[in-house]
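Hi there,

Here is the structure I promised to pass on to you. Please have a look at it, and then read on for what turned up.

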Amino acid sequence: MTQVLDGTPDAHSRDDLTRMSAREAAARHYEDELAHYRSPREWWRIATLPDGEPVGFVTPARNEYNPIIGYLAVLPAHRANGYIDEILAEGTRILIAQDVPRIRRPQILATFPWRTPSSPSDTSISNARST
């Protein structure tokens, strides 16, 4: 997670980086948020190239209120290559397989196109509010 903070578009992470190292910010984010999700870690995915090189990751999860895409990231060396669509689609597929009625996505994704893989008509996808 530390590596994806380099050049991150996420305002909260950029703000954290003004006060702490990337390693500290990543650890804090994990401890304060990701570790508290009520969903299995088996849902989380690391995206890799065919040779096994990591590209990014997604943490589909369930917080206290909704199924969510908790974190979505692409490593700096692989940004602007379209990988985010595939990574996001995989996280979405995992949540849809849980037969959820709604999926909340991080606010940062409001500026990105949202594509869902075979999203059933009874599954809605909406923006999470930033707090």
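The protein's secondary structure consists of three helices and five strands, taken as DSSP runs numbered from the N terminus (H or I of at least four residues for helices, E of at least two for strands). Along the sequence the pattern reads α-α-β-β-β-α-β-β. This is a predicted model, in which local features need pLDDT of at least 70 and side-chain atom pairs count only at pLDDT 80 or more, while totals for chains, interfaces and linings use all residues. Residues are numbered from 1 along each chain as its sequence is written, and side-chain values use heavy atoms, with hydrogens and water left out.

Of the 131 residues, 37% count as buried (under 20% relative accessible area, with exposed over 50% and partly exposed in between, using a 1.4 Å probe and protein chains only). Among contacts (heavy atoms within 4.5 Å) with a separation of 6 or more, 45% are between residues 24 or more positions apart.

Strands β1 (residues 45-48) and β2 (residues 54-62) run antiparallel and are joined by four bridges; two strands pair if DSSP finds at least two bridges between them. Ala47 stands opposite Gly56 in β2.

**The cores**

A nonpolar core here is a set of buried Ala, Val, Leu, Ile, Met, Phe, Trp, Tyr and Cys residues joined through side-chain atoms within 4.5 Å. The largest one has 15 residues, and those with the most contacts inside it are Val55, Val58, Ile69, Leu72, Ile87, Leu95 and Ile103. At least two residues of this core come from each of β2, β3 (67-74) and α3, with α3 giving the most, five residues. There is also a second, separate core of 13 residues, which includes Leu5, Met20, Leu34 and Ile68.

- Leu95 is found in helix α3 and counts as buried because its relative accessibility is 0%. Leaving aside neighbours within four places in sequence, Leu95 is in contact with Trp43, Pro60, Ala61, Pro67, Ile68, Ile69, Val100 and Ile103. Leu95 and Ala61 are 34 residues apart in sequence but 7.6 Å apart in space, C-alpha to C-alpha.
- Ile69 lies in strand β3 and, at 2% relative accessibility, counts as buried. From Ile69 to Gly91 there are 22 residues in sequence and 6.8 Å in space, C-alpha to C-alpha.
- Ile87, not counting residues up to four places away in sequence, touches Ala47, Val55, Gly56, Phe57, Val58, Leu72, Ala73 and Val74.

**The second largest pocket**

The second largest pocket holds about 170 Å³ of space. On a 1 Å grid over the protein atoms alone, a pocket is an open set of points where a 1.4 Å probe fits, with protein on both sides within 12 Å along at least five of seven lines, and lining residues have an atom within 4 Å of a point. Grid points are joined across faces, edges and corners, and the volume is the space filled by probe spheres set on them. Among the lining residues are Arg45, Ala47, Val55, Val58, Tyr83, Ile87 and Glu90. The elements giving two or more residues to this lining are β1, β2 and α3 (83-96). The lining divides into eight nonpolar, one polar and three charged residues (Ala, Val, Leu, Ile, Met, Phe, Trp, Tyr, Cys and Pro being nonpolar, Asp, Glu, Lys and Arg charged, and the others, Gly among them, polar).

Best wishes
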